[in-house]
Amino acid sequence: MNIFSITLIWLVLLLSAGPAAGEVVDRIVAQINQEIITMSELEQAVKYLQANTPPGMNPKDPVTFRRQTLEALIDRKLAKEEAKRLGITVSEKEINQSLEDIRRRNGFADNEAMAKALAKEGMTLEQFRQYLAEQIQQERLMQLTLRGKVKVSEEEIRRFYEQNYRASDNRLHIKVLNLPFPPGATAAQQEEVREQAEKILMAAKQGESFDKLLREHNKPAGGMPSGDLGFIRQGDMDPRFFEFLARLRPGEVVPLKTSAGFQIIQLVEARIGKAKSLEEARPEIEQILERAEMNKLFSEYLRSARQRALVKVML
């Protein structure tokens, strides 16, 4: 899976969007060497993560949640400084390629359409480009500092296989078109979105290209994956939802109403078959386990970097 997918990277606003133009910055809440984090940055990050909460964070405890958010911002600043210290750079060509990959995966017709979607999330295209540069830079920092240190045992591979692969390897390839409600939507605004969803659904059922409808109408939103999601394993979906989608014919579309808006889902292909053998699944399992171990070791690396840095928290 592309690590730069808009819908799967929860740090996108937290780590790159600064104060809005003309906004008064109350005060500095943290200093990391020569870098600072302002109250406005923290407030924006908290607001975003309340709606798109990553694993391990609990927005129901506002004091702890705010502190966890600040710690994530500090870690990002530390990683950026470490990459700079080690001379890790990213070219414009690489940023452009990553941006193009994201545009295609999310069904945007062009960069202008992507910019409009980002604006609804409070971010400019230039801010997102900066985020991509930092994300690539951090990935290279991880590879450089952890090379040769990530080990996955045969026992871990077998245990993961038993827990996740022994059952039939059923997968669905789906595409999702999002129509989120505006923030604080009134009943009238929600009805307007419902009517738009009905029109798009009718167009799809009458044979209009779903990819074309995605390009023209999809509105990515935090916490609502959209675009071409590729094949999704049965174990990664709600069982009843998987069974419902698996009964559709390839190319068939269905509507879904959620608390955040409407989605129109197309089943592209269903792969229902026997489970993979251990050897067939081994490369994928190794990749999953190595990534998990790398994330753990990188957190430890950043803790070590923090001990060498000047870090002041003034929250």
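**Salt bridges and a nonpolar patch**

Arg103 and Glu100 both belong to helix 4 (residues 92-105), where they stand three residues apart, about one turn of the helix; helices (H or I, at least four residues) and strands (E, at least two) are DSSP runs, numbered from the N terminus. The model is predicted, and local features need pLDDT of at least 70, side-chain atom pairs count only at pLDDT 80 or more, and totals for chains, interfaces and linings use all residues. Residues are numbered from 1 along each chain as its sequence is written, and side-chain values use heavy atoms, with hydrogens and water left out.

The side chains of Arg103 and Glu100 meet in a salt bridge at 2.6 Å, N to O. The term denotes a side-chain nitrogen of Lys or Arg within 4 Å of a carboxyl oxygen of Asp or Glu. Side chains of opposite charge can pair when their charged atoms come close. Arg103 is buried, with a relative accessible area of 15%, whereas Glu100 is partly exposed at 26% relative accessibility. Here buried means under 20% relative accessible area, exposed over 50%, and partly exposed in between (1.4 Å probe, protein chains only). Glu100 and Arg103 also belong to a network of salt bridges that links them with Asp101 and Arg104.

Arg158 is partly exposed, at 45% relative accessibility, and Glu154 is partly exposed at 35%.

The structure holds 27 salt bridges. One of them joins the side chains of Lys80 and Glu134 (3.4 Å, N to O). Lys80 lies in helix 3 (residues 62-85) and Glu134 in helix 6 (residues 125-146), so this pair ties together parts that are 54 residues apart in sequence. Lys80 counts as partly exposed, with 30% relative accessibility, while Glu134 is buried at a relative accessible area of 10%.

The surface also carries a nonpolar patch. Ile28, Ile36 and Met314 make up this patch of about 220 Å². Patches consist of residues with over 30% relative accessible area and no salt bridge, like charges being joined within 9 Å and nonpolar side chains (Val, Leu, Ile, Met, Phe, Trp, Tyr) within 5 Å. Accessible areas come from the Shrake-Rupley method with a 1.4 Å probe, and for residues only the protein chains shown count as cover. Met314 lies in the segment after strand 7 (311-313) and is partly exposed, with a relative accessible area of 36%.
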